[in-house]
Amino acid sequence: MEVIRHDIAFAGIRLQTPLSVQALTLVVIIAVWELVGRTDILFPDLFPSITAILESLWTYLTTPIIVPHLKASLYEVGGALALATVGGVPLGIIVGSRRSWYQVAEPLILYAAVVPKIVIFPIFILFLGIDVHSKLAVGAIAAFFPIVLLTITGMREVKRVYVDVARTVGASTYQIATHIYLPAIAGQIFTGIRIGMGAAVTGALLAETKIARAGLGFMIVEYYSQFRIADMYSLLLFIFLLAALANIAMKYLFSLFSPVSRTNRDAGMYF
Amino acid sequence: MSESTRLTAWRLGLIFGALVIVESAVRLGWISSFFLAAPTRAAIVLWTELLHGNALWLTGITLFEIAACLIISTVFGVLAGFLLWRYQLIGTSYETLLAALFSSPVILAYPIFLVTFGRTSAAVIALSSIFGLIPIIINTKGAFQNVNPILLQVGASMNLTRKQMFRHILIPAVAPAIFSGFRLALTYILKSVLGLEYVAQVGGVGMWLSDAAFKFEVEEVYAGLFGTIMLSVLFLYLINRAESRVRK
């Protein structure tokens, strides 16, 4: 009896980790959802059973039903991120390179960043029509702000002494740019692109839910209007998983290119 | 001329210059007025709508939604943040989950809220409150966690009761950090409310913009956009002012 009590106490202690609590929470949510879904005791239309949602998700993964929509959304998000990077990084470098430019432009960019980007969508529809390009534009403008702001932050964090030392040893402007500035701001730019990707996904897909002919956002609204709630949930799950995977992949990819932080290293290692 | 006046003059000059370029481009016919409204025309439409139309009423609805979200987020957010700090294991576990939820495109789930609450302001308030709730929870938890232990030791050495310690030490120590969360929450709520109003075509200013776009009323679209931008900028300005006062 004493041994069993000891084992239970030991298991209890082992369960007291954040991971166990997270797993337990997930299990409880799934169990309660399934119970509600199967018994129809609460909002029967709103809580389809987990098995119905997973069946629908399986259909997306094993049939080509989603492919044209996925292609449209990927094109929009990819194009948006590329455009935002091409526009945001150089602008961030320019604004961050001089104190006076930074002081004038940074508050303007910050104020513009607060405006919800989706409200600019009607303007893009006027200029670009209702096909993929207007959504690409919304995604690009949404991704632009984190990229430009983090590039500016990166530029402002470059210590003046590094540039002075490089000049003292006769480094050219090109060498200062590639050996001092680029490694110093790379981390911030990568973070900006990663955050920008999330913004681009939200911007482009939200625009798709408004007016579109294809795309994952378009599918969500289609399912909503047809009241196919299980399909809508599974599609949302699919989008969340895809966004999380893309985020993790980007984090890993950028960690390969990011310069190693030397702030905690002893100076002795260089001698 | 002081440094800040000079900077403000430069900023206003940049904005004014951009508006002059757009105005000239439309008036000289470089860009068709079908695509782009002259800023003066948009401003006149906005002014007329404010005086004689229902723009003020719609702004009131949007402000009501923002205020409701803020109250819900603050009450539940501060309470949840405090509890997550008090119960460390739960706090550590759920902080990661909340951060993950916050970085996922939750706003795309708005049809679920439309199904639940109908096409009403309640749907906008319910979903937008989530965007306000998470930063307040995380900041409140962080604020309590980072209270300088010396302050607590001083309180203990003065034989303060638990209530006095909470009232005179903890609350003043955590207020600035909680306010940062509040500021972040307000920014996200503002974006979410206006965005959802536009996408779901419910509520106030966002719905006006959506209606105008639907009718291809170009000047009204730009007027609505101008109004939305002004509202966002005004909010951010007021939050910044309030935050600097709290930090003092």
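Predicted model: local features only at pLDDT ≥ 70, side-chain atom pairs only at ≥ 80, totals over all residues.

Residues are numbered from 1 along each chain as its sequence is written, with chains lettered from A and ligands numbered from 1 in the order in which they are written.

Let me start with the interface. Here 38 residues of chain A are in contact with 38 residues of chain B, contact meaning C-beta atoms, placed from the backbone, within 7 Å. Among the helices (DSSP runs of H or I, at least four residues, numbered from the N terminus) that each supply at least two residues to this side of chain A are helix 2 (18–39), helix 5 (99–114) and helix 11 (229–257). Helix 9 of chain A gives the most, with seven residues.

Turning to the domains, chain B is divided into domain 1 (1–36) and domain 2 (39–247), with bounds from an automatic or database domain assignment. Their centres, taken over C-alpha atoms, are 31 Å apart.

Finally, the helix pair. In chain B, helix 6 (residues 121–145) packs with helix 8 (residues 162–200) at about 165 degrees, the axes being 8 Å apart; axes are lines fitted to C-alpha atoms over the stretch in contact, and angles run from 0 to 180 degrees between N-to-C directions. Helix 6 of chain B and helix 8 of chain B are therefore roughly antiparallel, the term for angles over 145 degrees.

Conventions:
Contact = placed C-beta atoms within 7 Å. Parallel < 35°, antiparallel > 145°, perpendicular 65-115°, else oblique.
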